[in-house]
Amino acid sequence: MSNTSTPLRRFWTEFRENKVAVFALAVVVLMILLALFASVVSPQNPYDLANLSLMDSRRPPGFVGSGGYTHLLGTDPQGRDLLSAIFYGLRISIQIGLAAGFVSLTIGTALGITAAYLGGRIEALIMRLVDLQLSFPAILLALVMVALLGQGKAQLVGALVAAQYAYFARTAYGAAKAERGKDYIEAALATPLSGRLVVWRHLLPNCTPPLIVVATVQIANSISLEATLSFLGLGLPVTEPSLGMLISNGFPYMMSGRYWISVYPGVALIILIVAINVVGDQVRDQFNPRLRK
Amino acid sequence: MLGFVIQRFLQALLVMAAMSVIVFCGVYAIGNPIDIVLPPEATQEIRKQTIRRLGLDRPVYEQYFIFMGNLLQGDLGRSFVYNIPVLELIGGRLPATLELVLISVISATVLGVSLGIYAGYRPESWVSKTIMAVSVLGFSVPSFWVGLILILFFAVNLGWLPAGGRGETVAIWGVEWSFFTLDGLSHIVLPAINLALFKLAMMIRLARAGTREIMLTDTVKFARAAGISEVTILRRHLLKLISIPIITVFGLELGSTLAFAVVTETIFSWPGVGKLIIDSIAVLDRPVMVAYLILVAFLFVTINFVIDLVFALIDPRVRHGAAA
């Protein structure tokens, strides 16, 4: 095979050297699969009220419930099998994280590159706004947005996007500004190619590495932010609990020693977020030219 | 230098004005506070009266100008729910939040920078790898979950430390502080650790990244060639060079920790401003929300202003860049 030198191949060869990062990537893939096939792998459909029995509520891990099977991680206050609830919760958390991540990536990149490409008044306007927003913590913006927009999946994604697009805009702007000044862009602009084509073909592709890094980190952040908002009672409606909501539901029972309701969804959440961050870290190191030997 | 200060000051004023408009309009678009203020059985007459008394029958821009006029005279309005001046309400809760935030950020910075420099100076040693692994955890794990685990472990299982509240306080110059009593200290430990953990991870990463890059520069090579001892290089050259990003982050983190305290205060029932704002959002207490957000905006603008000034003092390039 002669294509061992495609950038992707080279990237993967280098990535593979870090065993921890490979393991983390495997974990991320596994969790996405579990979320996708939640209805297949879960012993119970936790949203189907007919399946739930209050007789089974708040039972410790290993309890054999009225359904005739063992609740490996115990049950929650509504009598849901916690393992199933975690798989379904994972699905919601990942959905929200990906949706918020991609929408903010699109909006942020568009704004950042527009600012860098056009320059002048528009650049000043966009970047002032972005800098202003960046000086406020994401959690606070998200909190206010959720209060403004109300509860629901779309509203939550909207709040997360409002809190996070600025990071992408800053990164895209920084990268595009640096590329914009280089000779190859000037050369491309000197040809009869349209400005739009130069942006799509030349400017945008050269700005992607830092954006990929920010995207991984921000997806992890949105998942964590969503969990935090849900924990504070400002996230999703209780009928379809995300991981954060599951943790929140278990909090009142923790003082009496029923730790599992809060702890296990939390463990799932953390494994997911840590794994994404480890992958993101490795990608960042690989893209950082200053660390090259 | 004076020109630079004036320019930044005017910018800060402009930002504050813009923020006040955004916050005001944003908050006033939410729900109808009348439903919260009045019992459902209130007559139409009483409803009308209340709406007029709260000034809710005027157009939004008029409400804004009234609000701004009062604000400039130091009056932020009265809480719908507690019916006391908002400033008094927030002022009463502020010391609790401030002492929690200050303790967390200062300890996180001191510890984080030391660990980070070590991890950057000897990136291959197992100690550094452990530090970095822990920092990834601190960075990734949502702080509310850490709070739960701290409570579960130290308060429920071991019973060493209290799970919530402020404990005994001492009044100094009329302000209540937990920091100066043993009982208060025992109450502050868990929330402070909870709040500091994320900042600690951030400081470690920042100091490590800076150290790794600077140790490869010519400055350090020349210093070594000149026979300057490693300790002196670290203290004199490295610390100075990494201090700029660290000061920025310290300032910004001070503000964002105030915001993050919302979560920690909710978990540990710490009676600070964060708990107040969550409660106010839940009951749509508009004056409290507006006042809190404007105060936070003011805080951030002030912090950014101060950071700019400190930069200009440390780094002459910033000064000249602005003058040019």
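Start with helices H5 and H10 of chain B, whose crossing is right-handed. In this predicted model, the two axes come within 10 Å and cross at roughly 150°. That angle is over 145°, so H5(B) counts as roughly antiparallel to H10(B).

Next, show the side chains where these helices meet. On H5(B), select Thr97(B), Leu100(B), Val101(B), Ser104(B), Val105(B), Thr109(B), Val113(B) and Ile117(B). Colour the selection by class: 12 residues are nonpolar, 4 are polar and 1 is charged.

Now colour chain B by domain. Domain 1 is made of residues 1–81 together with 284–324, and domain 2 covers 87–282. Where the two domains touch, 18 residues come from domain 1 of chain B and 17 residues from domain 2 of chain B. What classes of residue does domain 1 of chain B put on the side that touches domain 2 of chain B? That side divides into 15 nonpolar, 1 polar and 2 charged residues.

The mean pLDDT of chain B is 77, with 87% of its residues at 70 or more. Where pLDDT is low, the predicted coordinates should not be read in detail.

Bring both chains into view. The contact between them takes 29 residues from chain B and 32 residues from chain A. To find the chain B side, select helices H1 (2–28), H6 (126–140), H7 (143–157), H10 (230–267), H11 (273–283) and H12 (286–314) of chain B, each of which gives two or more residues to the contact with chain A. By class, this side of chain B has 23 nonpolar, 5 polar and 1 charged residues. For the complex, the predictor gives an ipTM of 0.71 and a pTM of 0.77.

Move on to chain A and keep the confidence colouring. Chain A averages a pLDDT of 79, and 86% of the residues score at least 70. Among the elements of chain A, strand E2 (residues 70–71) has the lowest mean, 65, while H4(A) has the highest, 88.

The last stop is that helix, H4 (residues 82–118) of chain A, together with helix H11 (residues 260–287) of chain A. Their axes are 10 Å apart and the helices pack at an angle of about 40°, which makes H4(A) oblique to H11(A). The crossing of H4(A) and H11(A) is right-handed. From H4(A), the contact uses Leu82(A), Ile86(A), Gly89(A), Leu90(A) and Ser93(A). From H11(A), it uses Trp260(A), Ile261(A), Tyr264(A), Pro265(A), Ala268(A) and Leu269(A). The contact of H4(A) with H11(A) has 9 nonpolar and 2 polar residues, and no charged ones.

How values were computed: Residues numbered from 1 in each chain as written. Chains lettered and ligands numbered in written order. Predicted model: local features only at pLDDT ≥ 70, side-chain atom pairs only at ≥ 80, totals over all residues. Axes fitted to C-alpha atoms, helices over the stretch in contact; angles between N-to-C directions. Helix = DSSP H or I, 4+ residues; strand = E, 2+ residues; numbered from the N terminus. Parallel < 35°, antiparallel > 145°, perpendicular 65-115°, else oblique. Left-handed = near helix turned anticlockwise from the far one by under 90°. Contact = placed C-beta atoms within 7 Å. Nonpolar A, V, L, I, M, F, W, Y, C, P; charged D, E, K, R; others polar. pLDDT = per-residue confidence, 0-100. Domains from an automatic or database assignment.
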